[in-house]
Amino acid sequence: MDEKNHKNGKGYEGANDLKSGNEFSQSSLFKEEKDAKFVEKYNDTDVEFKKPAFPKETNCKYEADGFKTKNIEGQIEATNHSNRTYWAVLLLLSILSLITRLHNIELPKHVCWDETHFGKMGGWYIKRTFFFDVHPPLGKMLIGLSGVLTGYDGMFPFEKPGDEYGEDVNYVGMRIFCAVLGAALVPLCYMSTWLLCQSTIAAFFSALLILLDTGTLSLSRHILLDPILLFFIMMSTYSVLKFLSYKEHPFSVCWFYWLSMTGLFLSAAIGVKFVGLFVVLLVGFTTIMDLWRLLGIKNNTLVDLTKHFVARAACLIALPVIMYMVYFAIHFIVLNESGNGDGFYSSAFQSQLKGNRLYNVSMPEHIAYGSVVTLKQRRTGGAYLHSHWHLYPEEHPPRQQQITSYTHKDENNKWLVKPSDHDLEKVEKPQILHSGDLIRLEHVGTRRNLHSHREPAPLTKHHFQLSAYGENGTGDSNDIWMIDAPGMPIGTPIQTARSKFRLIHYYVRCAVCSGDKKLPKWGWDQLEATCNPNLKDTKNLYSVEEVEDSRMPNSSFELYSPNFWEKFIESHAVMTQGNSNLKPKEGEISSQPWQWPIDFKGQIFSGKNHRIYLLGNPVIFWGCLGVMLAFFVVYLVSAIRIQRGVQYTKVWTEYREKTFGACWWLLMGWALHYLPFWPMTRVLYFHHYFPALLFSAMMTGVTLDYLITLICVSVPDNLTITVFHTCFGLILSSIVYSFYLFHPMVYGMFGPMANEEGSQMHGLRWLSSWDL
């Protein structure tokens, strides 16, 4: 890391401010001057105001900033002392972070919470087996890579939480990878906070809050996407702040380096989860404000401004987009074997997966009466028309066989195409199916016909019910459907995969439709299939994916193979649809955004005899919330005093503006990572709050530093050091002791529950909603 700006004291606001080595022993106004004019400037500043708001500020600011001598040699010595303090604290925090994250990392020796998903997906990358997930691929690819590098073969099934790993499963390497990235959050918070306000005290408090937060620690110790996402968010934040610290040296090597790193880590953040978009918005807003600042500098010509804009556009827009597509290109290359996620994608997409029934396959180009087909909804991520022996429950009469939409390939997706007015003869010659034909569809597995009537659908009441009716292929007149191919004249042959058509009920005048609503347990959590009276609805469109008919000549499916752009676009459409379909399952523990900042309810990571509970350190969570409210009060009081004409010295004014500017920027980061969850309709969990917590912790550190300084300059001179040490000690001891109390939630709780005598957590269930 280039530390030129650190040594010069330049940071986010471009000021050459740096605390001295006395930071930990005295209150601070955090100013460093580089030449012998320091004393003269300060004295000139002080006489500008006849009634300064802090009369004794002039006498204490040298000591608060560590300048006990008034010569250049003394200033250099103070700067060197401050540099040593900065690095010593950074080293200490980094070591503690690694220790807390890696301690007993192999425990528990069973699958914890979402390890069942992301450990499994990492194994699929190792085996090159295609799957579907609602998140972009980078995080899961990195988990798979860490597994390969540490000897994991990808064969453990990760079926459900609580499954024992066994002695021959090298799962620890993947946990260590996530833990190391989680450990990096602490020094990154420290360095980012320092860049914002050049205060080692503020940086120390910010990093300490992340170091000793039990929730962040729990997320970092398991095979999850969260520590990877948090790492890339913090690297994006640190990189943009580091880039801004070089604003006095535009277009230098370091300036371009950190601008490029910002773009790279932005692409990585959104490449792990789509919520990485929030840090993209933060960096985007910061960049716009920086360009606005440059526009106000009269020395900048139009050519200069154009160069600045082009450089930012190239590094913060073009580079992230290119890298994001590279992640997907690698994803498509690695996952080339058929898996259980094939059915979410189009027939053309599936045709490129080895082992898929459509890979290098030859099948009839057209469909004939007597062909066995699978029908797939035409929209991206569409499901298959499906049936099984189970009947609709009594509350959804009549009790006929269920018709559903199913997203996976299955034998129960197969249908026999029959004429509407007679049964097929075995010796009958193939007769091609055309648009406008009347047909019946017999479910191959149960030999009942696709059927509809004017009974309401189970969930979508303004649609009609679909069912399977009859026996041995014989039903009634409500089994007749017309093929309607939009944009194609009547009589046009129906082609495999290419033709899109509607199945319109001949009498009820409704079309077969697959929606997004999941059926209850009686419907096996499959999607509802209905008969939609709105014939023009795009959800009514289907195509034939597979055809089985030995009477027909075959054609190669390679004709339908998509290119990279088509696969890239389809993947995002499927992920977007998958995210919108994430609804709480019956009995599933979820949470609401209002619960997160107050630490209202956690998440069980592990049960059995080694209980792990994802819950934020309540002292830290509630403290961050309280300090945030205190900041609003302090800011309001300060604004009122200024409006009323209260005058401050220049040193205090600069310090206040820098602190408030940093707090507002961090508050925006917190809001961007938290407030967008409020209108979301998908299922939400407590762990979604932790990106916002990073910014809340940094804001808390900056605000605490300001409050301590404010108290120190408000007490008599002889009490300043004592008050500083007391405030610092109380905050430090409270955080450390709270971690001591709640650390069993991270490393494992044993024995009785918290509400029972003899429990190691007895008396610590401060809220009844905590499941300790």
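Reader: Why does Trp-678 count as partly exposed?

Author: Trp-678 gets that label because its relative accessibility is 45%. The cut-offs go like this: buried is under 20% relative accessible area, exposed is over 50%, and partly exposed lies in between, using a 1.4 Å probe and protein chains only. A word on the ground rules: this is a predicted model, where local features need pLDDT of at least 70 and side-chain atom pairs count only at pLDDT 80 or more, while totals for chains, interfaces and linings use all residues. Residues are numbered from 1 along each chain as its sequence is written, and side-chain values use heavy atoms, leaving out hydrogens and water.

So where does Trp-678 sit? It's in the loop between helix H18 (650–674) and helix H19 (690–712). Helices (H or I, at least four residues) and strands (E, at least two) are DSSP runs, numbered from the N terminus.

Now step back into H18, where you'll find Lys-658. Lys-658 counts as buried because its relative accessibility is 7%. The side chain of Lys-658 makes a polar contact of 2.8 Å with the side chain of Gln-198. That term means a pair of N or O atoms within 3.5 Å; within protein, one must be able to donate a hydrogen and the other to accept it, and residues adjacent in sequence count only if both atoms are side-chain atoms. Lys-658 also has its C-alpha 6.3 Å from that of Cys-197, although the two are 461 residues apart along the chain.

Ser-606 is buried, with a relative accessible area of 4%, and its side chain has a polar contact of 2.7 Å with that of His-110.

What about charged pairs elsewhere? Side chains of opposite charge can pair when their charged atoms come close. A salt bridge here is a side-chain nitrogen of Lys or Arg within 4 Å of a carboxyl oxygen of Asp or Glu, and the count comes to 18. One of them joins Glu-115 and Arg-175, at 2.9 Å from N to O. That pair ties distant parts of the chain together, as Glu-115 is in helix H5 (residues 115–127) and Arg-175 in helix H7 (residues 172–183), 60 residues apart. Both Glu-115 and Arg-175 are buried.

Compare the salt bridge of Glu-442 with Arg-447, whose closest N and O atoms are 2.9 Å apart. Here Glu-442 is buried at 6% relative accessible area, whereas Arg-447 is partly exposed at 38%.
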